[in-house]
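Subject: Structure handover

Hello,

Here is the structure I promised to pass on. Please open it beside this email and follow along.

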Amino acid sequence: MLKLNIDGSFDQNSKIGGTGGVIRDRLGSWIVGFSCKVKVVNAHHAELLALLHGLNLAHKININHLLVEIDSQVLLNTLESAKPIHSHIYSDCKSMLLLMGGSTMKHIMSEANSVADILAEYGRKIMDPNMSMNKLFVFGISPSFTLKALERDANGTK
């Protein structure tokens with residue numbers, strides 16, 4: 001089974017957020033990653049969009065079974081709510097999870113989600129003209145700025 005780690009980043013002053021995530025195999029090897037700059041209302045909104053972006057990317061490249069790891073317990077709890085804010089996005093996420101069959105979600109500590117965190121921060125902060133608002137930037141190979149975090153994940157260290 002492949003693993004998707006996602007995270008969101010948010011700046012309160014600008015209301016600019018970033019989404020980021022990475023799909024890896026069971027050995028931790030990079031399959032694909034993403035970053036995206038987004039206009040959001042809060043950090044929770046950024047996390048939710050990161051989940052949607054990650055699920056859509058996985059589906060697009062024909063990945064059907066995923067372990068989705070997120071560091072937001074609030075997001076996990078809210079997925080079960082009857083009428084959450086941004087319910088249309090939640091509905092899309094739930095539909096994608098059903099479509100993908102055997103996908104499961106679990107909470108992890110922030111320290112175990114450093115690659116996704118770095119990609120989300122990159123999405124929020126990047127000034128690259130190729131990275132326009134709401135444009136998903138896909139990394140087919142791990143970018144150099146994630147290598148130390150990938151190594152820490154592989155070694156099980158912070």
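Helices (H or I, at least four residues) and strands (E, at least two) are DSSP runs, numbered from the N terminus.

Two notes on the source. This is a predicted model, in which local features need pLDDT of at least 70, side-chain atom pairs count only at pLDDT 80 or more, and totals for chains, interfaces and linings use all residues. Residues are numbered from 1 along each chain as its sequence is written, and side-chain values use heavy atoms, with hydrogens and water left out.

The whole chain

The chain holds 5 helices and 6 strands. Read from the N terminus, their order is β-β-β-α-β-α-α-β-α-β-α. The radius of gyration is 14 Å, close to the 15 Å that the globule rule gives for 158 residues, so the chain is as compact as a globular protein of that length. (That radius is taken over C-alpha atoms; the rule is 2.2 Å times the number of residues to the power 0.38.) The C-alpha trace spans about 40 × 40 × 30 Å along its principal axes.

Of the 158 residues, 47% count as buried. Buried means under 20% relative accessible area, exposed over 50%, and partly exposed in between (1.4 Å probe, protein chains only). Contact means heavy atoms within 4.5 Å. Among contacts between residues at least 6 apart in sequence, 72% join residues at least 24 apart.

The cores

A nonpolar core is a set of buried Ala, Val, Leu, Ile, Met, Phe, Trp, Tyr and Cys residues joined through side-chain atoms within 4.5 Å. In soluble globular proteins, nonpolar side chains tend to be buried together.

Which residues touch the most other members of the largest core? They are Leu4, Ile6, Leu51, Leu55 and Leu66, out of 30 residues in that core. Two or more residues each come from strands E1 (2-11), E3 (30-39) and E4 (66-70), and from helices H1 (43-60), H2 (73-79) and H3 (87-99). H1 gives the most, with 9 residues. Leaving out residues up to four places away in sequence, Leu4 touches Val22, Ile23, Phe34, Gly54, Leu55, Leu66, Leu67, Val68 and Glu69. A second, separate core has 7 residues, including Val115, Leu119, Phe139 and Leu150.

Of the 18 residues of H1, 14 are buried, so the helix is largely enclosed by the rest of the structure. (The expected span is 1.5 Å times one less than the number of residues.)

A polar contact is a pair of N or O atoms within 3.5 Å; within protein, one must be able to donate a hydrogen and the other to accept it, and residues adjacent in sequence count only if both atoms are side-chain atoms. Asn42 caps the N-terminal end of H1, with a side-chain oxygen 3.2 Å from the backbone nitrogen of His44. Just after H1, Asn62 takes a positive phi of about 65°.

His44 lies in H1. Is His44 buried or exposed? His44 is buried, at 17% relative accessible area. A polar contact of 2.5 Å joins its side chain to that of Tyr90.

Glu69 in strand E4

Glu69 lies in strand E4. It is buried, with a relative accessible area of 8%. Its side chain makes polar contacts with the side chains of Lys3, at 3.4 Å, and Asn5, at 3.1 Å.

H4 (residues 114-125) has 12 residues and reaches 16 Å from its first C-alpha to its last, close to the 16 Å expected. Its buried residues are Ser114, Val115, Ala116, Leu119, Ala120, Gly123 and Arg124.

Asp153 lies in helix H5 (residues 147-155). Asp153 counts as partly exposed, at 22% relative accessibility. Beyond its neighbours within four places in sequence, Asp153 is in contact with Arg24, Ala112, Ser114 and Val115. The C-alpha atoms of Asp153 and Val41 are separated by 30 Å, and the two residues are 112 apart along the chain.

Back to Glu80

Glu80 is exposed, with a relative accessible area of 68%. Its C-alpha lies 9.6 Å from that of Lys94, 14 residues away along the chain.

Best wishes
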